[in-house]
Amino acid sequence: MSQTLSIASWNINSVRARLDIVERFLTEESPDILCLQETKVVNDTFPAGLFRQRGYNHQVLNGQPMHHGVAILSKIPIREDDRLDWQANGEARHVGVRLDNGVRIENVYVPAGGDVADRDVNPKFGQKIDFLERMIQWSSQLEDKPTILTGDFNIAPMECDVWSHKQLLNVVSHTPVECEILARLQESNDWIDIGRKFFPAPQRLYTWWSYRARDWAESDRGRRLDHMWMTQDVAEKAVSHRVVEPIRGWTRPSDHVPIITEFAF
């Protein structure tokens, strides 16, 4: 018997500050599983009740005070709560679970990396590169496990993943160093970038717009920082993928919008 399953990923930029739009999103889209990044809340004060009221009774949280934080909320059972410390300093940037069908979901929040693409003058950039190197080590040893890797990667890897390749070449999130290491991560386990499977380059496909823009929609200076990758066996089950762009225009939005992939398992 086949099972239709929708999985969403969203950098919420403080879940408690966005309760209204989270509630509206769950009402309008109602994904079976929601992966959140940058929840900015410890587990004890995560708004679990709001999700339970809407059927998300299975919750795996990895939070910390004021910064970072990831969570997986699900309407179906999730097991094997993993937290990998790719930052090597205890920051809450990963949580992983297994579905009963054997598919693993790895939810990650890659560090932004600061403002200068030089680890000698900006240690945060070095931490980002080292984080991705640790992810490559993990990814290359996955073997044949059916896996979905999703979250805020904080890198827009392709020229068409940003509003201006030329103007952003030296801007952290689109530098050659970052694009190269993300390509190595993808190659390390032959990951399928499901966004570009359904929206092949050079189609416009943004998931993030800066708060600095007076009118984000009119200027449309977007970047594709949020991704959903999967192993080939899982990608074959994907039937649709979309970016829920209108949410960027809702009241007090995150600067990121959700991505949703639907599967027929």
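Mentor: Buried means under 20% relative accessible area. Keep that cut-off in mind; this is a predicted model.

Trainee: Is Thr150 buried or exposed?

Mentor: Thr150 sits in strand β8, residues 147–152. The cut-off for buried is under 20%. Thr150 has 0% relative accessibility, so it counts as buried.

Trainee: With which side chain does the side chain of Thr150 make a polar contact?

Mentor: Thr150 touches several residues beyond four places in sequence, including Cys35, Glu106, His227 and Ile259. Ser9 is also among them. The side-chain polar contact, at 3.5 Å, is with Ser9.

Trainee: Which residues have the most contacts inside the largest nonpolar core?

Mentor: That core has 54 residues. Phe25, for one, is in contact with Trp10, Leu34, Val244 and Trp250, among others. Another core, of 20 residues, lies apart and includes Trp86 and Phe125. In the largest core, the residues with the most contacts are Phe25, Phe46 and Phe51.

Trainee: How many aromatic pairs are there?

Mentor: Ring centres must lie within 6.5 Å to pair. By this rule the count is 10.

Trainee: What is the geometry of the Phe153 and Trp229 pair?

Mentor: The ring centres are 5.1 Å apart. Planes over 60 degrees apart count as edge-to-face. Here the planes stand at 90 degrees, so the pair is edge-to-face.

Trainee: How many residues apart in sequence are the parts that this pair ties together?

Mentor: Both Phe153 and Trp229 are buried. Phe153 is in the loop between β8 and α4, and Trp229 is in strand β12, so the pair ties together parts separated in sequence by 76 residues.

Definitions and conventions:
Residues numbered from 1 in each chain as written. Predicted model: local features only at pLDDT ≥ 70, side-chain atom pairs only at ≥ 80, totals over all residues. Heavy atoms only, no water. Helix = DSSP H or I, 4+ residues; strand = E, 2+ residues; numbered from the N terminus. Buried < 20%, exposed > 50% of the residue type's maximum accessible area, 1.4 Å probe, protein only. Polar contact = N/O pair within 3.5 Å; in protein donor to acceptor, adjacent residues only side chain to side chain. Contact = heavy atoms within 4.5 Å. Core = buried A, V, L, I, M, F, W, Y, C linked by side-chain atoms within 4.5 Å. Phe/Tyr/Trp six-rings, centres within 6.5 Å; stacked < 30°, edge-to-face > 60°.
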